[in-house]
Amino acid sequence: MTKLALAIDTERCTGCQTCSIGCKTSNKIPMNMYWSRTITQGCDYEDAAEGVYPNLTKTFISMSCQHCTNAPCQRVCPVGATYRDDKGRIEIDYDKCIGCRICMAACPYNARCFNWNDPVYDPDPIYGDVDVKPRTKGVVEKCTLCREATDRGELPMCVRVCPSHARVWGDLDDPNSEISQLAREARAVHLMEEDGTEPQVFYLM
Amino acid sequence: MNFTAKGKAALGILAAIAACGVAAWIYQLTGGLSVTGMSNGVSWGLYIACFMFLVGLSAGGLIVASSASIFHVRQYKQVALPAIIVSTVCITMAAMFVCIDLGGVQRVLNLLLSPNFTSPLMWDVCVISIYLILNIIYLVFMKKYGVDSHQVSIVSRFALPTAILVHSVTAWIFGLEIAKEGWNSAIMAPLFVVSAMDSGLGLLLIVLAALKKAKMFTVGRDLMANLAGLMCTCVAIDGFMVFCEVLTEAYNGTAMGSAIIGDMLFGATAPFFWTEIVLGVLVPFCILVFAKNRKREGLVVFASACVVTGVFCKRVWLLFTSFLNFNVAGAPGVSIGNANVVYADGGMWMTIGSYLPTWTELVIVAGMFALGALAIMAMSKLLLGKPDVASASVPDGAAAQGA
């Protein structure tokens, strides 16, 4: 079996948002939404710091779909539009989605975006990966782990464009892969571990 | 029986509001849900609050009506017909609100083509459909065979558990979501059922008083007092359950628990929380706990209106408090997604959930409620007939067996 996953090294991440923009461009994500967004943890302002001077910390968390092994969004979808594919990714069948948005309520990571209107692109015409299908009004979308590009043998766009090499993509079911080795490190953690969603995306803190 | 001039004016106004609602819905269908105030941060809004509210209103009426048959509470049988009319109309409205909320209503048949039975929403689709069918069968049997008939008593044995289930399943849509700490509670289903009982009884009492005033139905003062007493008990249980939930959430002072309690008691959803506690629980309880007050129809109707308003407020705080705080918090937050929603700094990000219904949403909701009122009026006129017939359908003894 294959279990594709993403490791994000928070020690290397500089919060530059290049992954967010690369993802947006490649995946034809319309205006007003992002599948991947880097948040400055616990802060009201981007690039701010937590704590009281001089004991300050700053942590960037690149948030996108965590491709949970125990995915709440998949369980609650009434029409099975959200499914796990043969490579262990959580994907959405846009033709099935009825736009009830129960998956958005079920996702602990706010990873999902809804097409509230027909997608607006600026600039027009549409940019991005030739194989990525644009979505329509009334469906939910989210990170696909760049299924089109990776199925062609390329890396996900966020991994390709990361200037600080903070992201590693690979197969967790291959014990010798780089990502499996990283997953065994002591500093590998999951977001919201206590919810038991067992994300395939993990962070090196 | 003809409507009075006043009645005709009321009908005209309701029809006009309903027409506006339908027009607003068509506008929403063309523009997409971007005409609402919902966003990626607060992805459910007024429509889902109304859905929860109406499922409750519906279940309450049917619980009374079917208990009458199952437990042989003879006096409740008298109001079984109006109770089921209210129940049928409310559940239809609830289903309509779900359809209005769907982004891809044209793909709604996928519910039949590729159902996923692990979804509580799928359970709700099934149980609401069964419930609606049972309501209609109930109405037909009651008109055809009479309220004391064997047929009615059989259908009521299915209707009562379904009525309890329909609101429990609605509660599970929220209660089973691990992502939202404010919802993820085992008390959600019993809390919803008891809210259904008190708000449903409240609406039933209001409708009975209105029917009485319109001289379409007679109902004795003792029966009203009795139903008001039952409502009072349910209000007390409702208040108790809310207290249990709030205490459990607050006691351990966890980060998310404290945030939720802060918003609910003192923050964004506090007006709704306190309206529910004061207007929805304390005021009606203090009025109806005295037997003397239960005999005064004006006070009973006032208390009923308080309960119904309070339960609506409860739907609002229950739904929205859990949308306010994002589990993984930090700037820039969640991308709003809906271009028409403007957040504090005017940008496309939200660090704390924020929602305000738009005019389109308000007009659609007003239209749906007007349509519901019209449906109750029409069905009452059609099914209740003349008042003497209604009172005659409540025989004193065994005369009606097999009527």
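Student: Where in chain B is P332(B) placed?

Tutor: Note at the outset that this is a predicted model. The place of P332(B) is in the loop between strand 1 and strand 2 (334–335) of chain B.

Student: What is the phi of K28(A)?

Tutor: Most residues other than glycine have a negative phi. K28(A) sits in the loop between helix 1 (18–26) and strand 2 of chain A. K28(A) is not a glycine, yet its phi is positive, at about 55°.

Student: Which residue of strand 1 of chain B stands opposite Q41(A)?

Tutor: Start with the sheet. Its three strands have the order 5(A)-2(A)-1(B), and the pairing is antiparallel. Strand 2 (residues 37–41) of chain A pairs with strand 1 of chain B over two bridges. Opposite Q41(A) stands G330(B).

Student: In the four-stranded sheet of chain A, what is the bridge partner of I8(A) in strand 10?

Tutor: That sheet is open and mixed, with the order 10-1-12-11. Strand 10 (167–171) is an edge strand, as is strand 11 (188–189). Strand 1 (residues 4–9) runs antiparallel to strand 10, and five bridges join them. The partner of I8(A) is R167(A).

Student: Why is chain B as compact as a globular protein of that length?

Tutor: Chain B has 15 helices and three strands. For 403 residues the globule rule gives 22 Å, so chain B is as compact as a globular protein of that length: its radius of gyration is close to that value, at 22 Å.

Student: Are helix 8 and helix 9 of chain B roughly parallel or antiparallel to each other?

Tutor: The axes of helix 8 (residues 188–213) and helix 9 of chain B come within 9 Å and cross at roughly 150°. The crossing is left-handed. Helix 8 and helix 9 of chain B are therefore roughly antiparallel.

Student: How many nonpolar residues does the contact of helix 8 with helix 9 of chain B have?

Tutor: Helix 8 of chain B brings residues including L191(B), V194(B) and L201(B), and helix 9 of chain B brings L227(B), M231(B) and V235(B), among others. By class, two residues of the contact are polar and two are charged; the nonpolar ones number 18.

Student: At what angle do helix 9 and helix 11 of chain B cross?

Tutor: This crossing is left-handed. Among the residues in contact are V242(B) of helix 9 and F273(B) of helix 11 of chain B. The axes of helix 9 (residues 221–251) and helix 11 (residues 270–288) come within 9 Å, and the angle is roughly 145°.

Student: How far apart in space are W25(B) and G330(B)?

Tutor: W25(B) is in helix 1 (residues 5–31) of chain B. In sequence, 305 residues separate W25(B) and G330(B); in space, C-alpha to C-alpha, they are apart by 36 Å.

Definitions and conventions
Residues are numbered from 1 along each chain as its sequence is written. Chains are lettered from A and ligands numbered from 1 in the order in which they are written. This is a predicted model: local features need pLDDT of at least 70, side-chain atom pairs count only at pLDDT 80 or more; totals for chains, interfaces and linings use all residues. Side-chain values use heavy atoms; hydrogens and water are left out. Axes are lines fitted to C-alpha atoms, for helices over the stretch in contact, and angles run from 0 to 180 degrees between N-to-C directions. A crossing is left-handed if the near helix is turned anticlockwise from the far one by less than a right angle, and right-handed if clockwise. Contact means heavy atoms within 4.5 Å. Angles under 35 degrees count as roughly parallel, over 145 as roughly antiparallel, 65 to 115 as roughly perpendicular and the rest as oblique. Ala, Val, Leu, Ile, Met, Phe, Trp, Tyr, Cys and Pro count as nonpolar, Asp, Glu, Lys and Arg as charged, and the others, Gly among them, as polar. Two strands pair if DSSP finds at least two bridges between them. The radius of gyration is taken over C-alpha atoms; the globule rule is 2.2 Å times the number of residues to the power 0.38.
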